[in-house]
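The sequence and the structure come first.

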Amino acid sequence: MLPHPELEAAFLAALVASSNDAIITKSLDGVVTSWNDAATRIFGYQHDEMIDQSITKLIPETLRSEEDEILRRIRRGERVEHFDTVRRTKDGSEVHVSLTISPLVDAQGRIMGASKIARDISDRKRSEERQQLLVNELKHRVKNTLSTVRAIAGQTYDDPQFADLNAAFTHRIMALAASTDLLIKDDWNGVQLRDLVDSVLLPFHPNDDAIQITDGAKVELTPPQASSLALALNELATNATKYGALSQPGGYVLLGWKTSADSPEMMVLKWVERGGPEVHQPQRSGFGTKILTFALKHELNADTELKYAPGGLEFSMRF
Ligand SMILES: Nc1ncnc2c1ncn2[C@@H]1O[C@H](COP(=O)(O)OP(=O)(O)OP(=O)(O)O)[C@@H](O)[C@H]1O
Ligand SMILES: [Mg+2]
């Protein structure tokens, strides 16, 4: 606390004068009663051009109703905080500002007017717009790059002897594209596991019972999780169609995921095949095994288990 009221008033006046933010006071009917240097810098009007004038001079016509609403709230004694809007400067240009408006109260507690702090946020707005532009461009490029890679592979493996290779490659790129599409939809924030499952497995649904989702807790995947899981699901479904339960009528897959019983921050996902041909420990391993074991471990730090049980392949991962 400062010792003298005069000193306190001088201190406050100095603060207002040196502020980088516009500090303006106005009456309850919107007439300007004080105007600091920063207000001149931001809005272009000198002190004398604004005192006793209506604050609406600064408000673009289309936003006039904002001021009515602000004054209504001030009369009720409410504060308006960090309200991002646009104001008009003396030369007619627009400036993005963040407003904080508080009621001014006299010694008897009556509301006499409002103080308004306006921060110029044009730079922030400009960089936000630039960032959005970049994000949109990147989204577009990522999608295009995947289509280009797919087309190059199609041309490179044009010969019928490479038909299987070409198909396998195309499916892998499609799985990656499915996760990319979902990520793009939500601005690269994340993907619901259920949406990813539906999207990646869509081409493998020979009938409605072929891949049955058992449990399906709501899980949001990070971008790297989404890409790795998309590839893994594609390998599981491709193998099931080639060698496992989906290679013959009556075979089916049970797919489910839930939080781990022993550590609730972890998820457990299980893929279990039933009703297919008898399964034996394989003699060879290919790309599928690499994804389902090393890649998931490496990319997601997941514990995985791949069991070639006679009754059907069982895969589980904890991540
Ligand atoms: N669901 C399944 N049911 C029965 N056997 C399977 C199943 N998935 C894989 N296998 C066996 O395991 C082997 C290895 O699978 P993996 O996916 O690693 O390689 P691939 O499918 O042969 O070739 P790639 O995945 O490189 O195209 C397969 O060749 C097959 O014999
Ligand atoms: Mg495979």
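Asn301 counts as exposed, with a relative accessibility of 59%. The model is a predicted one. In it, Asn301 sits in the loop between helix 9 and strand 11 (303–309), and its phi is positive, about 60 degrees, although the residue is not a glycine.

**Other exposed residues**

- His82 also has a positive phi without being a glycine, in this case of about 45 degrees.
- The position of His82 is within strand 3, which covers residues 80–88.
- His82 counts as exposed because its relative accessible area is 59% and the cut-off for exposed is over 50%.
- Gln281 belongs to the loop between strand 10 and helix 9.
- With a relative accessible area of 57%, Gln281 is exposed.
- From Gln281 to Ile152 the C-alpha to C-alpha distance is 36 Å, and the two residues are 129 apart in sequence.

- An open sheet is formed by 5 strands in the order 7-9-10-12-11, with mixed pairing.
- Strand 7 and strand 11 are the edge strands; each has a single partner strand, so one side of each has no neighbour in the sheet.
- From one strand to the next, the twist averages 10 degrees.
- In general, the strands of a sheet pair through backbone hydrogen bonds, in either a parallel or an antiparallel way.
- The pairing of strand 7 with strand 9 is parallel and runs over 4 bridges.
- Ile213 has Leu255, in strand 9, as its bridge partner.

**The largest pocket**

- The largest pocket holds about 770 Å³ of space.
- Its lining consists of 30 residues, and those nearest the centre of the pocket are Thr238, Asn239, Lys242, Tyr243 and Arg284.
- Helix 6 (163–185), helix 8 (223–242) and helix 9 (287–300) each give at least two residues to this lining.
- Helix 8 provides the largest share, 7 residues.
- Sorted by class, the lining of the largest pocket comprises 12 nonpolar, 11 polar and 7 charged residues.

**The second largest pocket**

- The volume of the second largest pocket is about 170 Å³.
- A set of 13 residues lines the second largest pocket, with Asp215, Gly256, Lys258, Val268 and Lys270 nearest its centre.
- Strand 7 (211–216), strand 9 (252–259) and strand 10 (267–274) are the elements that contribute two or more residues to this lining.
- Strand 9 gives the largest share of the lining, 6 residues.
- The lining of the second largest pocket has 6 nonpolar, 4 polar and 3 charged residues.

**Domains**

- The chain is split into domain 1, residues 5–120, and domain 2, residues 125–318.
- Between the C-alpha centres of domain 1 and domain 2 the distance is 56 Å.

Methods. Residues are numbered from 1 along each chain as its sequence is written. Chains are lettered from A and ligands numbered from 1 in the order in which they are written. This is a predicted model: local features need pLDDT of at least 70, side-chain atom pairs count only at pLDDT 80 or more; totals for chains, interfaces and linings use all residues. Side-chain values use heavy atoms; hydrogens and water are left out. Domain bounds come from an automatic or database domain assignment. On a 1 Å grid over the protein atoms alone, a cavity is a set of points where a 1.4 Å probe fits but cannot get out, and a pocket is an open set with protein on both sides within 12 Å along at least five of seven lines; lining residues have an atom within 4 Å of a point. Grid points are joined across faces, edges and corners, and a volume is the space filled by probe spheres set on the points. Ala, Val, Leu, Ile, Met, Phe, Trp, Tyr, Cys and Pro count as nonpolar, Asp, Glu, Lys and Arg as charged, and the others, Gly among them, as polar. Buried means under 20% relative accessible area, exposed over 50%, partly exposed in between (1.4 Å probe, protein chains only). Two strands pair if DSSP finds at least two bridges between them. Axes are lines fitted to C-alpha atoms, for helices over the stretch in contact, and angles run from 0 to 180 degrees between N-to-C directions.
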